[in-house]
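Open your viewer and keep the sequence panel handy. Here is a short tour, one selection at a time.

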Amino acid sequence: MSDDDARTGGEAVRCDGLEYAFGQTRAVDGLDLTVATGEVFGLLGPNGAGKTTAIRCITTLLPVPAGRVRVFGHDAAKERMAVRRLLGYVPQQLSADSGLTGRENVALFARVFDVPRKERARRVEQALYAVDLTESADRMAKTYSGGMIRRLELAQALVSAPRLLMLDEPTIGLDPIARTSVWEHINAVRRATGMTVLVTTHHMDEADQYCDRLALMHRGRIRALGTPDGLKAELRERRGASGPDDPPPTLEDVFRDVAGRGLDTQGGDFRDVRSTRRTATRLG
Amino acid sequence: MSAAPAAPQPASAEALDTAGGEKTGALDLLLVPPRARTGWRLLPARIGALCTVELQKLRHDRAELYTRAVQPALWLLIFGETFTRIKAIPTGGIPYIDYLAPGIIAQSAMFIAIFYGIMIIWERDSGILTKLLVTPTPRSALITGKAFAAGVKALIQAVVVIVIAALLGVALTWNPLRLLGVAVAVILGSAFFSCLSMTIAGIVLTRDRLMGIGQAITMPLFFGSSALYPVSIMPGWLQAVSRANPLSYQVDALRGLLLGTPSHLALDYGVLLLAAALGILAASSLLGRLAR
């Protein structure tokens, strides 16, 4: 552990000049990003800002055509297997298999991460317990509610004791109560295990409440970086001579300030929107 | 009171939070990454895991197996019974329904297998595949798991067809060794056709396009084989097509084993094995494209 930390300088993820283009669209355009070991790092940005593409480069799903991506010092383009071993990944879509029980879903991930047979059952039990699904473990996943499915996916990611948990919009389409519950479980598990969490979200309130540090992404690049309070304070300073009646800036103001106008005219193509809505429908 | 944290009781997020030292007892295994398997043992272990999960899915969805058995049964009953009376097809002296039964086994296996491309695209769209691709699992293990599932489904259909055929009075072999040979041929054929379908999925990437192509190739593969009639009555160009069609070799092996007609078992198994291996190779190399 300490050897590792010395080698990586306490960095869980490091992207240098990452670029990725879909045809003419430059989804990620020179991304520099560092996530420190042990923090909850939020990646924010409008639809089409390049968040998911960046996540997919870090998870080795996409190649790294330009720039460099390292996960705990391992090159995501060259040492894919080593990187995958360190990751727990929950994609935006509902990725639990509806044709299996909760327990079978988690057991599959225990097996593909080489959990030995004699400790498999106990480890699966613990992962289900960590997300509060012990009672429903033997029900088919298709009978689960949206919040339960997200927690099941969290258990699937946790069963291999990942050092980096990557969550792509984990609360998309969930009602406020389920959102809070998903976050409480993420936090509880992180406190218990000390793992690093990299999360993307649209919800400013979640980012404000649960993330140690935030990066605001727009048009493929980081436009602002800091703690939630730091980002807000910075904006207040920049706005300077505001009257005492003005409410203090929120993260949403910071977001608006960074991304500027025209936010809803570009961002996310038809396929993105369709897939997001589909996820929301299946959860709802 | 120092309660032992051994038995996991229903936990809530708050309980995990406040339990302090106890939670490490309840979640101790989640702190330690499992030791990675390395070398040659990795691939068989992954294939085993993915085949197991496919069997679990089949066990949960038995209704599908029953409904799928209807089509081959109807082919045998309606088409088989009718064409037996017409006596239009030279079968070398055996009743047409006998001749047809092995062809229907191969056909139903292919019809199941050809759906696997659509299945893999569905799993891509739903995120299941994406998440598995981020685990330390070789692409070929994911494909082999699917090919195995196609084989098992086809095998269950083969049993149904053999039973119905026996009820219709077809004189099939009950020699266990030959039946084992039948099982192997069915699994290899299904593996090839499911991989063919998943390879096309890796090229066209969308369900709509794959549906069109799937329907377009299924028909010629079926009618351009020896499933319904001997290759010798086909026009020359179609005979050439049939010779390149793994379905013909599968039918030849099945007919030879089940009915005892003259066949070329060594060639048949050789072609099927090669086709399945090439299929797995092609489909695995294109699988990554689906995640983009």
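**Stop one: a helix pair in chain B**

Select residues 176-204 of chain B, helix H10, and residues 265-290 of chain B, helix H14: their axes come within 8 Å and cross at roughly 30°. That makes H10(B) roughly parallel to H14(B) (angles under 35 degrees count as such). Axes here are lines fitted to C-alpha atoms over the stretch in contact, with angles running from 0 to 180 degrees between N-to-C directions, and helices are DSSP runs (H or I, at least four residues) numbered from the N terminus.

This is a predicted model: local features need pLDDT of at least 70, side-chain atom pairs count only at pLDDT 80 or more, and totals for chains, interfaces and linings use all residues. Residues are numbered from 1 along each chain as written, while chains are lettered from A and ligands numbered from 1 in the order written.

Now show side chains. Among the H10(B) residues meeting H14(B) are B:Leu188, B:Phe192 and B:Met198; the H14(B) side includes B:Leu272, B:Ile280 and B:Arg289. Contact means C-beta atoms, placed from the backbone, within 7 Å.

**Stop two: where chain B touches chain A**

Next, select the interface: 39 residues from chain B and 47 from chain A. On the chain B side, H3(B) gives the largest share, six residues.

**Stop three: colour by confidence**

Chain B averages a pLDDT of 87, with 91% of residues scoring at least 70; pLDDT is the predictor's confidence in each residue, from 0 to 100. Finish at residues 1-15 of chain B, where pLDDT is below 50.

Terms used: Helix = DSSP H or I, 4+ residues; strand = E, 2+ residues; numbered from the N terminus. Parallel < 35°, antiparallel > 145°, perpendicular 65-115°, else oblique. Contact = placed C-beta atoms within 7 Å.
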